[in-house]
Amino acid sequence: MKPRPISWCIAPEGEPSFSEKAYRISLQDEGGGEYIEIEDAAGKIGINPEDWPHLKEAIEVALQHCREDHPVEPT
């Protein structure tokens, strides 16, 4: 067995992970292959332009950790 990162928190410096300004990015798999889920405090995705570079960086890291065993087909 080997541990691997499956979730990340992006929050303004000094803000807690449960902050309304925080985003959570995680790898999910419901049997059809891994995908990335992005969540904010409201449960909806609302991305401010100034937040995108930070989110993009974290998403790119998460994508590197996706396994390619079962690629997800677009719906």
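Visitor: Where is the place of S26?
Guide: S26 sits in strand β2; strands here are DSSP runs of E with at least two residues, helices are runs of H or I with at least four, and both are numbered from the N terminus. One thing to keep in mind is that this is a predicted model, so local features need pLDDT of at least 70, side-chain atom pairs count only at pLDDT 80 or more, and totals for chains, interfaces and linings use all residues. Residues are numbered from 1 along each chain as its sequence is written, and side-chain values use heavy atoms, with hydrogens and water left out.

Visitor: Why does S26 count as buried?
Guide: Buried means under 20% relative accessible area, exposed over 50%, and partly exposed in between (1.4 Å probe, protein chains only). S26 has 13% relative accessibility, so S26 counts as buried.

Visitor: Which residues is S26 in contact with, leaving aside neighbours within four places in sequence?
Guide: They are I6, S7, Y35, I36 and E37, where contact means heavy atoms within 4.5 Å. S26 stands opposite E37 in β3, and the C-alpha atoms of S26 and I36 are 5.6 Å apart although ten residues separate them along the chain.

Visitor: What joins the side chains of S26 and Q28?
Guide: A polar contact of 2.8 Å. The term asks for a pair of N or O atoms within 3.5 Å; within protein, one must be able to donate a hydrogen and the other to accept it, and residues adjacent in sequence count only if both atoms are side-chain atoms.

Visitor: How many bridges join β2 to β3?
Guide: Seven, and the two strands run antiparallel. Two strands pair if DSSP finds at least two bridges between them, so with seven bridges β2 and β3 pair. The open sheet has three strands in the order β1-β2-β3.

Visitor: Why is one side of β1 and β3 left without a neighbour in the sheet?
Guide: β1 (7–10) and β3 (34–40) stand at the edges with a single partner strand each, so one side of each has no neighbour in the sheet.

Visitor: Which residues make up the largest nonpolar core?
Guide: There are nine: W8, Y23, I25, L27, L55, A58, I59, A62 and C66. Such a core is a set of buried Ala, Val, Leu, Ile, Met, Phe, Trp, Tyr and Cys residues joined through side-chain atoms within 4.5 Å. Helix α1 gives the most to this core, with four residues.
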